[in-house]
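Subject: Handing over the structure

Dear colleague,

I am passing the structure on to you with this message.

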Amino acid sequence: MKKSNILVTGGLGFIGSHTVVELIEDGYIPVIVDNLNNSELSVLTGIEKITKIKPIFYNLNILNTNILEEIIIQHQIDCVIHFAAHKAVGESVENPLEYYYNNVSGLISLLKAMEKCNVKKIIFSSSCTVYGQASQLPVTENNPILKAESPYGNTKKICEEILTDVAKTGKLKVVSLRYFNPAGAHKSAFIGELPKGIPNNLIPFITQTAAGIRHSLTIFGDDYNTLDGTCIRDYIHVTDLAKAHVKSINFINSNESEIEVFNIGTGKGSTVLEIVKAFEKENSIKLNYKIGNRRSGDIEKIWADCKKANTLLNWKAQLTIENIVKDAWKWQNQLI
Ligand code: UFG
(Lines give C-alpha, C1' and ligand atoms only; values in the text may rest on other atoms or scores of the structure.)
Protein backbone atom coordinates (compact mmCIF):
# COMPACT_ATOMS: atom_id res chain seq x y z
CA MET A 1 0.00 0.00 0.00
CA LYS A 2 1.27 3.47 -0.92
CA LYS A 3 1.97 5.50 2.19
CA SER A 4 1.31 9.21 2.52
CA ASN A 5 3.30 12.27 1.45
CA ILE A 6 5.25 13.89 4.28
CA LEU A 7 6.55 17.45 4.16
CA VAL A 8 10.01 17.56 5.75
CA THR A 9 11.21 21.09 6.48
CA GLY A 10 14.98 21.21 6.92
CA GLY A 11 15.13 17.81 5.24
CA LEU A 12 18.72 18.25 4.06
CA GLY A 13 20.05 18.96 7.56
CA PHE A 14 21.70 16.45 9.87
CA ILE A 15 18.63 14.92 11.49
CA GLY A 16 16.33 15.81 8.57
CA SER A 17 18.35 13.89 5.99
CA HIS A 18 18.53 10.75 8.13
CA THR A 19 14.78 10.98 8.69
CA VAL A 20 14.16 11.30 4.94
CA VAL A 21 16.11 8.04 4.46
CA GLU A 22 14.04 6.22 7.10
CA LEU A 23 10.79 7.60 5.64
CA ILE A 24 11.68 6.33 2.16
CA GLU A 25 12.73 2.96 3.55
CA ASP A 26 9.35 2.70 5.29
CA GLY A 27 7.44 3.50 2.08
CA TYR A 28 6.57 7.16 2.68
CA ILE A 29 7.09 9.89 0.10
CA PRO A 30 9.05 12.76 1.64
CA VAL A 31 8.84 16.24 0.13
CA ILE A 32 11.81 18.27 1.31
CA VAL A 33 11.76 22.03 1.85
CA ASP A 34 15.15 23.45 2.84
CA ASN A 35 16.79 26.84 2.21
CA LEU A 36 20.36 25.42 2.38
CA ASN A 37 21.16 27.82 5.22
CA ASN A 38 23.04 25.11 7.12
CA SER A 39 23.00 22.25 4.62
CA GLU A 40 24.20 21.36 1.14
CA LEU A 41 22.61 20.19 -2.06
CA SER A 42 25.04 17.25 -2.16
CA VAL A 43 23.03 15.68 0.70
CA LEU A 44 20.35 14.83 -1.88
CA THR A 45 22.89 12.67 -3.69
CA GLY A 46 23.80 10.95 -0.42
CA ILE A 47 20.13 10.15 0.23
CA GLU A 48 19.80 8.83 -3.33
CA LYS A 49 22.86 6.61 -2.93
CA ILE A 50 21.32 4.99 0.14
CA THR A 51 17.71 4.69 -0.99
CA LYS A 52 18.02 4.64 -4.82
CA ILE A 53 15.39 7.37 -4.81
CA LYS A 54 15.99 11.06 -5.42
CA PRO A 55 13.54 12.84 -3.13
CA ILE A 56 11.45 15.82 -4.20
CA PHE A 57 13.22 18.99 -3.08
CA TYR A 58 12.34 22.70 -2.93
CA ASN A 59 14.94 25.35 -2.10
CA LEU A 60 12.66 27.52 0.00
CA ASN A 61 12.61 29.48 3.23
CA ILE A 62 9.59 28.40 5.29
CA LEU A 63 8.88 32.06 6.04
CA ASN A 64 7.45 32.13 2.51
CA THR A 65 3.95 31.03 3.54
CA ASN A 66 2.33 31.37 0.10
CA ILE A 67 4.76 29.06 -1.69
CA LEU A 68 4.59 26.60 1.20
CA GLU A 69 0.83 26.44 0.66
CA GLU A 70 1.33 25.74 -3.05
CA ILE A 71 3.76 22.90 -2.27
CA ILE A 72 1.43 21.42 0.35
CA ILE A 73 -1.49 21.41 -2.08
CA GLN A 74 0.49 20.19 -5.08
CA HIS A 75 1.84 17.19 -3.17
CA GLN A 76 -1.28 16.46 -1.10
CA ILE A 77 0.75 16.58 2.10
CA ASP A 78 -0.71 14.49 4.92
CA CYS A 79 1.70 15.26 7.77
CA VAL A 80 4.62 17.63 8.42
CA ILE A 81 7.93 16.91 10.14
CA HIS A 82 9.45 20.25 11.07
CA PHE A 83 13.24 20.47 11.45
CA ALA A 84 14.03 23.80 9.77
CA ALA A 85 15.56 25.99 12.50
CA HIS A 86 18.81 27.56 13.62
CA LYS A 87 20.50 25.46 16.31
CA ALA A 88 23.74 27.01 17.57
CA VAL A 89 23.48 27.99 21.23
CA GLY A 90 26.38 30.53 21.18
CA GLU A 91 25.21 32.17 17.95
CA SER A 92 21.75 32.61 19.45
CA VAL A 93 23.25 34.59 22.34
CA GLU A 94 25.05 36.83 19.81
CA ASN A 95 22.04 37.28 17.57
CA PRO A 96 18.81 36.58 19.45
CA LEU A 97 16.53 38.44 17.03
CA GLU A 98 17.61 36.27 14.13
CA TYR A 99 16.88 33.17 16.23
CA TYR A 100 13.43 34.35 17.32
CA TYR A 101 12.57 35.48 13.78
CA ASN A 102 13.77 32.33 12.06
CA ASN A 103 12.66 29.70 14.58
CA VAL A 104 9.45 31.19 15.98
CA SER A 105 8.17 33.08 12.92
CA GLY A 106 9.19 30.09 10.79
CA LEU A 107 6.92 27.81 12.82
CA ILE A 108 4.06 30.31 12.68
CA SER A 109 4.39 30.61 8.90
CA LEU A 110 4.35 26.83 8.56
CA LEU A 111 1.31 26.45 10.85
CA LYS A 112 -0.58 29.13 8.90
CA ALA A 113 0.13 27.33 5.63
CA MET A 114 -0.95 24.01 7.17
CA GLU A 115 -4.17 25.53 8.52
CA LYS A 116 -5.03 27.08 5.15
CA CYS A 117 -4.47 23.73 3.44
CA ASN A 118 -6.21 21.70 6.12
CA VAL A 119 -3.13 19.70 7.16
CA LYS A 120 -3.65 18.67 10.76
CA LYS A 121 -0.55 16.73 11.84
CA ILE A 122 2.91 17.96 12.79
CA ILE A 123 5.96 16.36 14.36
CA PHE A 124 8.19 18.96 15.96
CA SER A 125 11.94 18.91 16.75
CA SER A 126 12.29 19.96 20.35
CA SER A 127 15.22 19.56 22.70
CA CYS A 128 16.13 18.37 26.18
CA THR A 129 17.39 21.91 26.62
CA VAL A 130 13.87 22.76 27.89
CA TYR A 131 14.63 20.84 31.14
CA GLY A 132 17.78 22.83 32.03
CA GLN A 133 19.64 21.14 34.91
CA ALA A 134 16.92 18.80 36.11
CA SER A 135 16.95 18.04 39.82
CA GLN A 136 15.64 14.52 39.19
CA LEU A 137 17.43 12.12 36.87
CA PRO A 138 16.66 10.51 34.52
CA VAL A 139 14.29 13.20 33.27
CA THR A 140 10.76 12.26 32.36
CA GLU A 141 8.44 14.34 30.21
CA ASN A 142 6.82 15.55 33.45
CA ASN A 143 9.98 17.19 34.76
CA PRO A 144 9.46 20.95 35.10
CA ILE A 145 10.39 23.17 32.16
CA LEU A 146 12.98 25.66 33.38
CA LYS A 147 13.86 29.14 32.21
CA ALA A 148 15.86 28.73 29.01
CA GLU A 149 19.63 29.23 29.22
CA SER A 150 19.87 30.72 25.72
CA PRO A 151 17.67 32.36 23.07
CA TYR A 152 17.99 29.09 21.09
CA GLY A 153 16.60 27.11 24.04
CA ASN A 154 13.89 29.71 24.51
CA THR A 155 12.76 29.32 20.87
CA LYS A 156 12.20 25.59 21.52
CA LYS A 157 10.18 26.40 24.66
CA ILE A 158 8.12 29.10 22.89
CA CYS A 159 7.48 26.85 19.88
CA GLU A 160 6.20 24.07 22.18
CA GLU A 161 3.88 26.62 23.82
CA ILE A 162 2.57 27.83 20.46
CA LEU A 163 1.95 24.23 19.36
CA THR A 164 0.15 23.48 22.64
CA ASP A 165 -2.16 26.47 22.19
CA VAL A 166 -2.95 25.63 18.56
CA ALA A 167 -3.50 21.96 19.43
CA LYS A 168 -6.05 23.02 22.07
CA THR A 169 -8.27 24.45 19.33
CA GLY A 170 -8.74 20.91 18.06
CA LYS A 171 -7.41 21.88 14.61
CA LEU A 172 -3.97 20.32 14.98
CA LYS A 173 -2.40 17.14 16.33
CA VAL A 174 1.16 17.51 17.58
CA VAL A 175 4.00 15.20 18.53
CA SER A 176 6.95 17.06 20.04
CA LEU A 177 10.17 15.07 20.27
CA ARG A 178 12.67 16.28 22.85
CA TYR A 179 16.01 15.13 21.50
CA PHE A 180 18.90 14.45 23.81
CA ASN A 181 22.35 14.60 22.12
CA PRO A 182 22.09 13.50 18.48
CA ALA A 183 25.37 12.13 17.09
CA GLY A 184 26.90 9.63 14.64
CA ALA A 185 26.11 9.30 10.95
CA HIS A 186 24.38 6.89 8.58
CA LYS A 187 26.22 3.55 8.62
CA SER A 188 26.83 3.85 4.85
CA ALA A 189 28.72 7.14 5.44
CA PHE A 190 26.80 8.69 2.54
CA ILE A 191 25.17 11.23 4.87
CA GLY A 192 26.23 12.71 8.21
CA GLU A 193 26.79 15.96 10.06
CA LEU A 194 28.24 18.96 8.18
CA PRO A 195 29.22 21.48 10.86
CA LYS A 196 30.05 24.97 9.57
CA GLY A 197 33.34 26.33 10.88
CA ILE A 198 34.60 25.18 14.27
CA PRO A 199 32.19 22.58 15.67
CA ASN A 200 30.45 23.36 18.95
CA ASN A 201 29.40 19.80 19.58
CA LEU A 202 31.59 17.14 21.09
CA ILE A 203 31.52 14.33 18.51
CA PRO A 204 32.31 16.43 15.40
CA PHE A 205 35.04 18.15 17.38
CA ILE A 206 36.52 14.76 18.24
CA THR A 207 36.41 13.50 14.65
CA GLN A 208 37.93 16.72 13.29
CA THR A 209 40.71 16.50 15.88
CA ALA A 210 41.42 12.88 14.97
CA ALA A 211 41.49 13.92 11.29
CA GLY A 212 44.06 16.62 12.06
CA ILE A 213 41.74 19.54 11.21
CA ARG A 214 41.82 20.65 14.86
CA HIS A 215 44.95 20.45 16.94
CA SER A 216 43.36 19.13 20.11
CA LEU A 217 40.07 18.66 21.88
CA THR A 218 39.52 20.68 25.03
CA ILE A 219 37.37 18.88 27.57
CA PHE A 220 35.32 21.59 29.25
CA GLY A 221 35.93 20.88 32.94
CA ASP A 222 36.77 17.79 34.99
CA ASP A 223 35.60 19.03 38.35
CA TYR A 224 31.89 18.24 38.02
CA ASN A 225 30.11 15.98 40.46
CA THR A 226 30.30 12.90 38.20
CA LEU A 227 32.30 9.67 38.24
CA ASP A 228 35.30 11.10 36.34
CA GLY A 229 34.49 14.80 36.82
CA THR A 230 33.35 15.44 33.22
CA CYS A 231 29.78 16.25 32.14
CA ILE A 232 27.21 13.56 31.41
CA ARG A 233 24.92 13.53 28.36
CA ASP A 234 22.65 11.02 26.68
CA TYR A 235 24.11 10.55 23.16
CA ILE A 236 21.61 9.14 20.69
CA HIS A 237 22.53 7.76 17.26
CA VAL A 238 20.98 9.89 14.53
CA THR A 239 19.53 6.80 12.79
CA ASP A 240 17.67 5.80 15.98
CA LEU A 241 16.45 9.38 16.30
CA ALA A 242 15.30 9.39 12.66
CA LYS A 243 13.34 6.16 13.24
CA ALA A 244 11.52 7.85 16.16
CA HIS A 245 10.03 10.30 13.66
CA VAL A 246 8.66 7.49 11.49
CA LYS A 247 7.12 5.88 14.59
CA SER A 248 5.63 9.26 15.48
CA ILE A 249 3.69 9.27 12.20
CA ASN A 250 2.11 5.92 13.13
CA PHE A 251 1.28 7.33 16.55
CA ILE A 252 -0.25 10.58 15.32
CA ASN A 253 -2.35 8.66 12.77
CA SER A 254 -3.77 6.26 15.32
CA ASN A 255 -4.06 8.40 18.42
CA GLU A 256 -6.61 11.00 19.39
CA SER A 257 -4.49 13.15 21.74
CA GLU A 258 -3.99 16.77 20.69
CA ILE A 259 -0.38 17.00 21.80
CA GLU A 260 2.11 14.46 23.12
CA VAL A 261 5.70 15.12 24.12
CA PHE A 262 8.36 12.38 24.07
CA ASN A 263 11.94 12.19 25.30
CA ILE A 264 14.14 10.70 22.60
CA GLY A 265 17.39 9.42 24.05
CA THR A 266 18.92 6.10 25.03
CA GLY A 267 18.26 6.28 28.75
CA LYS A 268 21.98 6.00 29.42
CA GLY A 269 24.35 8.82 30.31
CA SER A 270 28.01 8.95 29.24
CA THR A 271 30.73 11.29 30.45
CA VAL A 272 32.87 13.26 28.01
CA LEU A 273 35.87 11.12 28.95
CA GLU A 274 33.90 7.93 28.32
CA ILE A 275 33.10 9.19 24.82
CA VAL A 276 36.75 10.02 24.18
CA LYS A 277 37.85 6.56 25.40
CA ALA A 278 35.18 4.82 23.31
CA PHE A 279 36.29 6.77 20.23
CA GLU A 280 39.93 5.81 20.82
CA LYS A 281 39.13 2.14 21.44
CA GLU A 282 36.65 1.57 18.61
CA ASN A 283 38.75 3.34 15.99
CA SER A 284 42.22 2.40 17.33
CA ILE A 285 43.25 6.07 17.40
CA LYS A 286 44.97 8.11 20.07
CA LEU A 287 43.16 11.41 20.47
CA ASN A 288 44.97 14.61 21.34
CA TYR A 289 43.02 16.17 24.20
CA LYS A 290 43.47 18.36 27.24
CA ILE A 291 41.35 19.39 30.18
CA GLY A 292 40.21 23.02 30.09
CA ASN A 293 37.86 25.29 31.99
CA ARG A 294 34.16 24.68 32.29
CA ARG A 295 32.10 26.07 29.37
CA SER A 296 29.65 28.69 30.50
CA GLY A 297 26.02 27.56 30.34
CA ASP A 298 26.88 23.82 30.42
CA ILE A 299 24.73 21.70 32.66
CA GLU A 300 26.45 19.02 34.74
CA LYS A 301 24.43 15.96 33.83
CA ILE A 302 21.32 14.88 32.03
CA TRP A 303 19.96 11.68 30.60
CA ALA A 304 16.52 10.61 29.50
CA ASP A 305 13.79 8.42 30.82
CA CYS A 306 12.40 7.10 27.52
CA LYS A 307 9.67 4.78 28.86
CA LYS A 308 6.92 6.89 27.33
CA ALA A 309 8.44 6.65 23.83
CA ASN A 310 9.21 2.94 24.37
CA THR A 311 5.58 2.25 25.20
CA LEU A 312 3.47 4.69 23.18
CA LEU A 313 5.67 5.09 20.09
CA ASN A 314 6.82 1.48 20.22
CA TRP A 315 10.33 2.85 19.70
CA LYS A 316 13.60 2.12 21.47
CA ALA A 317 17.15 3.17 20.65
CA GLN A 318 19.03 0.18 19.21
CA LEU A 319 22.47 1.62 18.58
CA THR A 320 25.23 2.26 21.09
CA ILE A 321 28.01 4.75 21.83
CA GLU A 322 30.31 2.35 19.97
CA ASN A 323 28.13 2.64 16.83
CA ILE A 324 28.09 6.43 17.22
CA VAL A 325 31.87 6.87 17.40
CA LYS A 326 32.53 4.34 14.62
CA ASP A 327 29.95 5.81 12.21
CA ALA A 328 31.00 9.39 12.96
CA TRP A 329 34.63 8.51 12.19
CA LYS A 330 33.71 6.66 8.98
CA TRP A 331 31.76 9.76 7.88
CA GLN A 332 34.63 12.11 8.77
CA ASN A 333 37.04 9.99 6.77
CA GLN A 334 35.12 10.27 3.54
CA LEU A 335 34.79 14.06 4.01
CA ILE A 336 38.51 14.72 3.74
N1 UFG B 1 32.35 19.33 25.15
C2 UFG B 1 33.71 19.41 25.39
N3 UFG B 1 34.52 19.92 24.42
C4 UFG B 1 34.02 20.36 23.23
C5 UFG B 1 32.64 20.26 22.98
C6 UFG B 1 31.83 19.75 23.97
O7 UFG B 1 34.19 19.03 26.45
O8 UFG B 1 34.82 20.84 22.40
C9 UFG B 1 31.48 18.76 26.18
C10 UFG B 1 30.47 19.76 26.72
O11 UFG B 1 31.00 20.51 27.77
C12 UFG B 1 29.34 18.84 27.15
C13 UFG B 1 29.42 17.66 26.17
O14 UFG B 1 30.71 17.72 25.61
O15 UFG B 1 29.60 18.35 28.41
C16 UFG B 1 28.41 17.76 25.06
O17 UFG B 1 28.49 19.03 24.46
P18 UFG B 1 27.75 19.37 23.10
O19 UFG B 1 28.09 20.81 22.76
O20 UFG B 1 28.04 18.34 22.08
O21 UFG B 1 26.22 19.22 23.48
P22 UFG B 1 25.36 20.00 24.57
O23 UFG B 1 24.86 18.97 25.51
O24 UFG B 1 26.04 21.16 25.14
O25 UFG B 1 24.26 20.60 23.61
C26 UFG B 1 23.11 19.90 23.35
C27 UFG B 1 22.58 20.26 21.96
C28 UFG B 1 22.10 21.67 21.91
C29 UFG B 1 21.22 21.95 23.07
C30 UFG B 1 21.90 21.63 24.36
C31 UFG B 1 21.03 21.88 25.55
O32 UFG B 1 23.57 20.08 20.98
O33 UFG B 1 21.40 21.87 20.71
O34 UFG B 1 22.22 20.26 24.35
O35 UFG B 1 21.55 21.33 26.69
F36 UFG B 1 20.85 23.26 23.13
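Predicted model: local features only at pLDDT ≥ 70, side-chain atom pairs only at ≥ 80, totals over all residues.

Residues are numbered from 1 along each chain as its sequence is written, and side-chain values use heavy atoms, with hydrogens and water left out.

The ligand

The ligand is surrounded by 18 residues, and the closest are L202, T218, R233, R295 and D298; a residue belongs to these surroundings if one of its heavy atoms lies within 4 Å of the ligand. Sorted by class, this shell holds 10 nonpolar, five polar and three charged residues, where Ala, Val, Leu, Ile, Met, Phe, Trp, Tyr, Cys and Pro count as nonpolar, Asp, Glu, Lys and Arg as charged, and the others, Gly among them, as polar.

A polar backbone atom of T218 is 2.8 Å from a nitrogen atom of the ligand, and a polar backbone atom of F220 is 2.9 Å from an oxygen atom of the ligand. From R295, a polar side-chain atom lies 2.8 Å from an oxygen atom of the ligand. Taken alone, the ligand exposes 680 Å², of which the protein buries 88%; these areas come from the Shrake-Rupley method with a 1.4 Å probe.

G221

In the loop between β8 and β9 (232-233) you will find G221. Its relative accessibility is 2%, so G221 counts as buried, a word that stands for under 20% relative accessible area, computed with a 1.4 Å probe and protein chains only. Leaving aside residues up to four places away in sequence, G221 touches G229, T230, I291, G292, N293 and R294, where contact means heavy atoms within 4.5 Å.

W315

W315 sits in the loop between α10 (307-313) and α11 (321-335). With a relative accessible area of 3%, W315 is buried. Among the residues that W315 touches, not counting those up to four places away in sequence, are I236, D240, I264 and N310.

Terms used:
Helix = DSSP H or I, 4+ residues; strand = E, 2+ residues; numbered from the N terminus. Buried < 20%, exposed > 50% of the residue type's maximum accessible area, 1.4 Å probe, protein only. Polar contact = N/O pair within 3.5 Å; in protein donor to acceptor, adjacent residues only side chain to side chain.
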